[in-house]
Amino acid sequence: MPYSMKRVAVIGSGTMGGAIAAHVANAGIPVYLLDIAPDRLTPEEQQKGLTLESPAVRNRIVRQGWERVLKAKPPALFSSRCAELVTLGNLEDNFGWLAEADWIVEAVVENLEIKQRLMARIDEVRRPDAIVTTNTSGIPIHQIAENRSESFRRHFFGTHFFNPPRYMRLLEIIPTSDTDLQILAFFRDFAERMLGKGVVLAKDRPNFIANRLGTFAALWTIKQAMEHDYTVEEVDALTGTVLGRPKSATFRLLDMVGVDIMGYVAKNLYPAVPDDEQREVLQVPAPIAALMERGWLGDKSGQGFYKKVQGEGGQREFWALDLKTLEHRPPQKADLPMLKQAKKIDDLGERLRFLMSQRDDRAGRFVEAILLPTLAYTARRIPEISDSLVDVDNAMKWGFNHEQGPFETWDAIGVPESLERMKELGIAVAPWVEKMLECGYTSFYRREGARRLVYSPVQGGYEPIPERQGVIELNERRRLGSEIARNDSASLIDLGDGVLCLEFHSKMNTLDLEIIDMARRALEELEKDRWVGLVIGNQGSDFSVGANAFLFLMAVQSGQLNLLEQQSQTMHSLLQAIRFSPKPVVTAPFGRTLGGGVEVVLHGSRICAAAETYMGLVEVGLGIIPGAGGCKEMVRRVLSPAMQVPNTDPLPHLQRIFETLGMAKVAGSAEEARELGFLSEADRIEMNSDRLIGSAKQFVLDLVDAGYKPPVRGKNCYAVGREGFAALEVGIYLLKQGGYISEYDAHVGKKLAYVLSGGDLSSPQWVSEEYFLELERETFLSLLGEQKTIERITYMLQHGKPLRN
């Protein structure tokens with residue numbers, strides 16, 4: 001299609017507009033961010049003698065909005081460099097800039113008249129092929145485009161981003177009856193590929209899909225808690241991870257999002273849905289109304305359903321709101337024995353069935369009381385909010401981080417059985433669900449061979465679920481018989497087209513002996529002619545948090561340093577074999593990628609990292625240094641390329657590596673990881689985490705097509721020697737004298753500086769990778785045997801944070 005996305009314009013620099021502009025910049029696309037010009041001066045501007053025509057005044061509103069974006073926590077930008085792609089302007093002086101934009105997104109105040117006036121102005125200046133969207137969440141989409149040109153209406157639809165756009169995957173696209181479906185398809189692909197979004201199509205109904213269902217679920221849960229006398233702590237214990245949902249559960253989530261946000265959403269939704277059969281549930285409940293009146297809005301105001309209180313001994317406590325008295329009280333741990341039993345069940349469906357079978361138990365009764373009505377409500381919203389069960393499920397998974405969507409959950413607990421229970425309880429069931437069962441269809445999803453099917457209430461039968469382009473699901477490959485080998489911690493999976501995948505699945509994907517064994521087998525398998533390359537990746541919650549520190553501690557305390565030395569040599573040999581593999585190996589990090597996990601990543605031929613990759617060599621916090629090639633790789637990747645240029649001063653590059661490792665820096669994104677030197681310009685960043693394995697596979701195939709040749713062994717690492725060590729030692733001394741680091745920090749720092757400098761060399765020189773590996777291994781093992789290091793590792797395992805001693 002003749003569409004491209006070379007420049008975007010965002011109108012409105014408030015919370016959503018500024019964050020959308022930031023995320024477009026994250027994708028590497030230049031952005032114009034515009035807002036209104038002020039109509040009055042501030043006292044400070046008057047004092048400076050400025051006028052309404054002064055440039056500093058004209059862009060004051062947009063500048064203040066952008067400054068809030070730059071200070072946002074968590075950060076809205078992948079890197080401070082992304083801000084360079086954002087140009088600020090105002091709607092009077094710079095409105096003509098919109099003529100350059102391929103996509104114009106409106107995120108101004110929720111007022112229909114204001115939006116319509118703005119759209120009329122946009123219609124006059126936009127290019128004929130420019131896409132225009134609105135981020136409204138409360139105004140009917142079609143009304144905003146009324147009386148606009150035919151071309152405008154063809155290119156117009158809603159784009160409802162979840163906040164914050166960088167981190168929340170869901171993007172609801174809401175077409176009108178005039179929207180050109182070809183343009184919609186282009187934008188959907190763009191949003192998935194370039195913005196990393198999970199896209200669903202929603203109908204132009206109040207609150208669309210996710211917020212319509214999520215609002216009902218939250219308010220129904222509060223209603224049940226109040227009517228049946230459940231505490232805030234009990235509700236959060238019963239509506240979090242045990243139901244396959246985030247730990248924030250219900251009340252903690254409301255505090256995080258903002259109690260007032262839920263109040264305003266409910267207040268706006270109630271009058272907008274007069275035909276909703278459970279409309280009365282959508283009224284603002286008494287606890288939320290009371291909290292809003294008092295200004296207790298959650299985290300942003302310091303208290304909401306929870307309040308941080310300093311308890312005895314200075315310990316921080318979280319006092320919960322009593323839903324009867326509406327006052328905070330000391331914490332009461334939820335005493336729910338059946339909940340403890342349920343948590344032992346790994347399978348979500350089995351866990352839910354167990355809880356709902358416990359009708360004489362307090363936990364079981366509550367789960368049934370909230371789950372069955374919300375499932376039934378969801379079904380009754382079809383086809384009002386969507387025709388697609390898949391879109392509804394994805395909206396709830398991507399919008400609220402649920403493990404399963406409502407129809408997937410219904411399948412998991414059993415549709416026929418739960419339907420009978422709903423009827424016993426007097427819960428209204430959608431006619432289309434009853435019709436589905438009458439036709440002999442007992443689940444919303446089913447399989448036919450390799451195909452996945454979903455029931456269509458519109459068609460009255462099953463239809464194939466469209467494959468998501470570029471997405472490879474490892475569990476699906478496993479189900480289809482593509483798992484070649486498996487142990488408790490890792491697997492080998494055939495990705496197709498001659499590409500093999502080494503998948504980790506240990507707890508937190510920590511590196512252990514079974515992963516090492518499977519990695520060896522992967523390299524042996526790779527020697528066969530059927531394979532062209534290897535991907536090292538997985539689809540857990542994080543790529544790998546590193547080596548198992550507990551195993552280190554046990555080995556040290558039992559005096560098995562010789563065993564650790566053997567394991568260290570084994571790991572070095574393995575990772576070097578990966579690095580020099582004759583066939584390309586692409587590593588695919590995402591999420592937390594720490595310590596040994598980073599060292600695995602760095603030894604691949606190339607890296608294909610998810611945009612949200614948090615990468616760091618953090619061993620110094622445990623009193624050790626990277627021990628599996630991390631020091632060597634950073635010297636090879638950062639210092640050595642710079643020294644290829646004649647007359648280059650090595651010290652700034654050496655200092656950069658030392659600071660990254662010595663301060664245990666963790667990149668806040670893949671882009672930051674590139675700035676720190678973990679990724680090179682030859683490596684790739686994938687915006688959509690669902691596509692990561694598929695993109696890594698394609699990277700392997702691209703390398704093969706380009707005639708991949710493995711690196712040549714030789715003296716390719718630059719060692720600065722004594723001069724570099726002396727310079728770093730001075731910095732360590734100054735930090736210690738200034739009280740910034742402890743005596744032991746300085747000790748570990750010197751050890752690290754010694755390794756990174758290349759040891760006791762009288763002059764700078766090029767050395768082999770094996771030279772650095774030997775230095776690294778000796779230093780790592782010497783530190784591991786020290787008492788202070790043992791104390792640090794023990795403290796980290798007990799408290800989950802580093803000890804400073």
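**Cores, a buried threonine, a helix and a sheet**

In this predicted model, the largest nonpolar core has 108 residues, and those touching the most other members are Ile 122, Phe 305, Phe 407, Trp 410, Trp 432 and Phe 444. A nonpolar core is a set of buried Ala, Val, Leu, Ile, Met, Phe, Trp, Tyr and Cys residues joined through side-chain atoms within 4.5 Å; buried means under 20% relative accessible area, exposed over 50%, and partly exposed in between, with a 1.4 Å probe and protein chains only. Helix 16 (residues 362-380) supplies the largest share of this core, ten residues. Helices (H or I, at least four residues) and strands (E, at least two) are DSSP runs numbered from the N terminus. A second, separate core holds 101 residues, among them Val 598, Cys 608, Leu 617 and Val 638. Leaving aside neighbours within four places in sequence, Trp 410 is in contact with Leu 375, Ala 376, Ala 379, Val 415, Ser 418, Leu 419, Met 422, Val 433 and Phe 444, where contact means heavy atoms within 4.5 Å.

Residues are numbered from 1 along each chain as its sequence is written, and side-chain values use heavy atoms, without hydrogens and water. Local features need pLDDT of at least 70 and side-chain atom pairs count only at pLDDT 80 or more, while totals for chains, interfaces and linings use all residues.

Thr 136 lies in the loop between strand 5 (131-134) and helix 6 (141-144). Thr 136 counts as buried because its relative accessibility is 1%. The side chain of Thr 136 reaches the backbone nitrogen of Gly 138 at 3.3 Å. Not counting residues up to four places away in sequence, Thr 136 touches Glu 110, Lys 115, Ile 141, Ile 144, His 160 and Phe 208.

Helix 12 (residues 259-272) has 14 residues, which at 1.5 Å a residue should span 20 Å; its end C-alpha atoms are 21 Å apart, in agreement. The expected span is 1.5 Å times one less than the number of residues. Val 259, Asp 260, Met 262, Gly 263, Ala 266, Leu 269 and Tyr 270 are the buried residues of helix 12, and these pack against helix 9 (210-227), helix 11 (251-257) and helix 13 (286-294).

An open sheet of seven strands runs in the order 15-16-17-18-19-21-23, with mixed pairing; two strands pair if DSSP finds at least two bridges between them. Strand 15 (483-486) and strand 23 (684-686) stand at the edges with a single partner strand each, so one side of each lacks a neighbour in the sheet. Strand 18 (residues 533-536) and strand 19 (residues 585-587) pair in the parallel sense over three bridges. Val 586 in strand 19 is the bridge partner of Val 535.

Definitions and conventions. A polar contact is a pair of N or O atoms within 3.5 Å; within protein, one must be able to donate a hydrogen and the other to accept it, and residues adjacent in sequence count only if both atoms are side-chain atoms.
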